[in-house]
Amino acid sequence: MSAERLSGSEVIDFGPFRLLPEERLLLEQGEPIGLGPRALDILAVLARRAGETVTKEELLAKVWPRVFVEEGTLRVHIASLRRALREGLQGRNFIATVPGRGYSLVVPASRFGSGARATPSMPAASQLPAPLSRVVGRQDVIAALKAQLPEERFITVVGPGGIGKTTVAVAAANALRGSYRDGIQFVDLAPMKDPSLIPSAVAALLGVPIRTDDPIPTLVAALSTRQMLLVLDCCEHMILAAAALAEAIFVGAPGVHILATSREALRAEGERVHGLPALETPPWSERLTSQQGMAFSAVQLFVERASATLDSFRFTDDNAPVVAEICRRLDGIALAIELAAGRVASFGVFGVAARLDDRFRLLTGGRRTAVPRHQTLLATLDWSYQLLPESERVVLRRLSVLTGSFTLEAASAIGAGEMVATSEIADHIANLVSASLVAAEVGEDTAYYRLLDSTRAFARMKLAETQENNRVCRCHAEYFCDFFRRADAELAIAPTIQRVAECRRQLDNLRAALDWTLGAEADAALGVALTAAGIVLWMTLSLVHECRRRVEAALASIAAGAFREPRAEMQLRTALGGLLIYTQGPGPEVHAALESALQIAESLDDHDYRLRALWGLWTARINNGEYKIALELAERIHALALRENHPLDLAVSDRGLGYSWHFLGDHIKARTYLEKMTARSIGTQRRSLIIRYQFDQLITGRMRYGWILWLLGYPERARRTIEVSLDDLWSVDHAVSICTALGLGTCQVSLAVGDYADAEHYIDAMSELATRYSLSIWHAWARALRGVLLIRQQRAGDGLNLLRYGLGHLGDAKFAIWHSSFVGDLASAMGSNGEVAEGLAIISDAIARAERRGANWQIADLLRVKGELLLLQGPDDPAAEELFRLSLDWARRQNALSWELRTAISLASLRRAQGRPAEGRHLLAGVYARFTEGLETADPLIARKLLDEMS
């Protein structure tokens, strides 16, 4: 509002505020601030004497003349003023208390226009409800309405109950004060019961006499010469009458602009619909900070209202994720957030969050001055519900069992029944969308729908009051059992990104359906079938702990003896075997589950699950360091894969054989099989590897292939293999696959070639995913890798602590394969840290275990490390030289040129210390010369430096 528009009206500006004392109106950047008249009068007195101390006696005399008022009343109004001015927020300070005297406005204030009030040329007074609080998060919407209304003439703000339609409409109208010659008139239709009385009520407010039975023509004729804004609030319960009146005024009174609010469009001529979105809420993050949270309007509203309710409330990094969760669960609905913030004084932020499941009891106690439908969340929703025809109430109640988004197919399967035919569901859904009770998300191929959480909770409460609650819940469980059975069959053969995304959307429906099957009306058979069908989704999303918990519950139902379904049991036991490997390690329970699954698969002659069970057994053996048994299992898998000649299964069997030979020490055979795997034409079927074999076998195989290339003396080729595979790795979008690939090859190659910055990046990514998905094995693995990185960066103390922690957890989980990968680094670091005897004990045990199990893949390096430790004990120990010779012999037999180079460096260094540098140089130069690439990587650089020193 400009000073010119106000003409003679007094205006006082201070900070971001503008005060109009005679209108008793306070604006912040054009938006009205809700304050009572006495508080505004106090502010006017202080503002007129900005910078001066105004005594308490003066304030009392000016604001309450000739009335005795206690000083406590003044303090209450000063406190409300400070809240309205949001003192303390971002360092704001406007009103200072002068102890023993009074108060002072301590910021500069500008006064102008203190002459007479309105003249005949001034716009008419605007009749708008006084705002009770500052508008939060709607500045863009208000600005858009302010700009559009003069052009469009007729706009309806549409949205669900409590979203803030009235608040936005009043704020937009306030922003247009002075723009209309004949002012602004606000018409609240909510209290009206008889639609026929709407035109007469509007006419009465505008001072238009009505003397006919049809008031609309008289009203329109009277308005035809006026230039004004008419705000029609809460039209939904009388939508036909409101639409007829608005349309008549739009056609017959071109100078009258209309701003309406409704939970659905009026569908009148000239109407432009402005959908009011929910307030913005932060995406989920347990690390959300208060600063990040305040970038979202829903959080801003909660914080401001909570601060007004409880002076001691502080928005901190500790409670920011909880406040964000409250706002998300309340769908960014302004009324619900305000009600929740109002309960902070009673329960605290964490207490409010904990009580949201009982939100209708919690979210009460709105302002006493609010209309009844806005005093509780329940009243707001009931208002909308009662406006629906009975058939749409029935559909809304039935849809309440659907959690999250759903398709029209799901709505038809669950919403149809008595009173509602399947053919009618689409129309009912469309009407519920129009009434802002169902949200629609229309994509190119599929439309998805969802009930806001509060609407769903309300409708669910209504469904529970009917006789069909259990029937609808059963229908929901049966529909999603069929849905996931179909998805499992499709994804196992030809998975698509779109189909995976469709399944991902239905996680909450899967959970809700399973919870019902375990409830008072339990249906164990349906629960088992649904669990078996849902495994595909849990594994796709890397939700291994949730999947294990659900699978164990289903198997417990089967063990109880109520029924037996061999196929479902086979699926469950196969899944359990793999899940146990990755949640507690490859112990006896894994073998029991997978052997049982294999027996059932054999009895059913199920080729697919025979392969899955055998692969699970192979995984358990390889992870436990039982490489010879793993090779036998890999050969069985290969024979089965050859029988069907399926490229995907052949690729998996190639990986199994390649890994088995690699860990047994034959890196050439390993390379051959992994190159076969890479050459297989898989096409779009790769995603089914996650469905059938729990993670992407190809990407993990390619990363380990990079490590084998490094062992064979091709460090640059190893690095390139990792680099070209990274795009595929990140696109997998599957936590278990990514973590496994990073741990198996990516991190190890980066550490081996000396790319420490890259290694740190990959370890960070692995650690973050492991934490987010509660993958404890991978978390320990990442800690161990970080320990190795720190040791390589000459931070042995910190590195040793992390390495010990990681190895302790991997050892406890019986992950011998990964435990042994780090033993050499651990023992070597212990030696550098002065713990030589302890390091020797660890490395000697590792060598003995490797010889016992045939785990020859790193025997050359273990022997080298033991030799280095012996030299730390005594530089002349002949056993050290013998260990180096044994190491060289193993490395040469395995073609492990990189191991050979490391040992050659150790032996050459020993020769130099013995005074025989020429001999050492000859040995090292011969090994170094066989490298044809990667001479700028870590170990060749060390070798080159040593050769130069000995020349």
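Residues are numbered from 1 along each chain as its sequence is written, and side-chain values use heavy atoms, with hydrogens and water left out. Because the model is predicted, local features need pLDDT of at least 70 and side-chain atom pairs count only at pLDDT 80 or more, while totals for chains, interfaces and linings use all residues.

The protein chain contains 45 helices and 15 strands. Helices (H or I, at least four residues) and strands (E, at least two) are DSSP runs, numbered from the N terminus. Along the principal axes, the C-alpha atoms of the chain fill a box of roughly 115 × 70 × 45 Å. Of the 951 residues in the chain, 56% are buried. Buried means under 20% relative accessible area, exposed means over 50%, and partly exposed lies in between, with a 1.4 Å probe and protein chains only. Among the contacts in the chain with a separation of 6 or more, 68% are between residues 24 or more positions apart; contact means heavy atoms within 4.5 Å.

Two packed helices are described by the angle between their axes and the distance between the axes. Axes are lines fitted to C-alpha atoms, for helices over the stretch in contact, and angles run from 0 to 180 degrees between N-to-C directions. Angles under 35 degrees count as roughly parallel, over 145 as roughly antiparallel, 65 to 115 as roughly perpendicular and the rest as oblique.

Helix α16 (residues 377–386) packs against helix α20 (residues 453–464) at an angle of about 75 degrees, and their axes are 10 Å apart. The two helices α16 and α20 are therefore roughly perpendicular. On the α16 side the contact is made by Leu377, Leu378, Leu381, Asp382 and Tyr385, and on the α20 side by Ser454, Thr455, Phe458, Met461 and Lys462. These residues comprise 6 nonpolar, 2 polar and 2 charged. In this classification Ala, Val, Leu, Ile, Met, Phe, Trp, Tyr, Cys and Pro count as nonpolar, Asp, Glu, Lys and Arg as charged, and the others, Gly among them, as polar.

Helix α42 (residues 878–893) and helix α43 (residues 897–913) have axes that come within 9 Å and cross at roughly 155 degrees. The pair α42 and α43 is therefore roughly antiparallel. Residues of α42 in the contact include Phe884, Leu888 and Ala891, and those of α43 include Trp899, Leu907 and Leu910. By class, the contact of α42 with α43 holds 7 nonpolar, 3 polar and 5 charged residues.

A salt bridge is a side-chain nitrogen of Lys or Arg within 4 Å of a carboxyl oxygen of Asp or Glu. By this rule the model has 54 salt bridges. One network of salt bridges links Glu881, Arg885, Arg911, Arg916 and Glu919; Glu881 and Arg885 in α42 and Arg911 in α43 also belong to the contact of these helices.

Three individual salt bridges were examined. Lys945 and Glu949 form one with an N to O distance of 2.7 Å. Both residues lie in helix α45 (residues 938–950), 4 residues apart, about one turn of the helix. Lys945 is exposed at 53% relative accessibility, whereas Glu949 is partly exposed at 40%. Arg795 and Asp798 are joined at 3.4 Å, N to O; Arg795 is partly exposed at 43%, and Asp798 is partly exposed at 42%. In the salt bridge of Glu390 with Arg397, the closest N and O atoms are 3.6 Å apart. Here Glu390 is partly exposed at 38%, while Arg397 is buried at 10%.

Some loop residues were also considered. Most residues other than glycine have a negative phi. Ser436, which is not a glycine, has a positive phi of about 65 degrees. Ser436 is in the loop between α19 (425–434) and β14 (439–442) and is buried, with 12% relative accessibility. Gln794 likewise has a positive phi, near 65 degrees. Gln794 lies in the loop between α37 (776–792) and α38 (796–812) and is exposed, with a relative accessible area of 70%.

Ala855 is placed in the loop between α40 (836–853) and α41 (859–873) and is buried at 11% relative accessibility. Apart from its neighbours within four places in sequence, Ala855 is in contact with Tyr627, Phe663 and Ala850. Ala855 and Ser434 are 421 residues apart in sequence and 67 Å apart in space, C-alpha to C-alpha.
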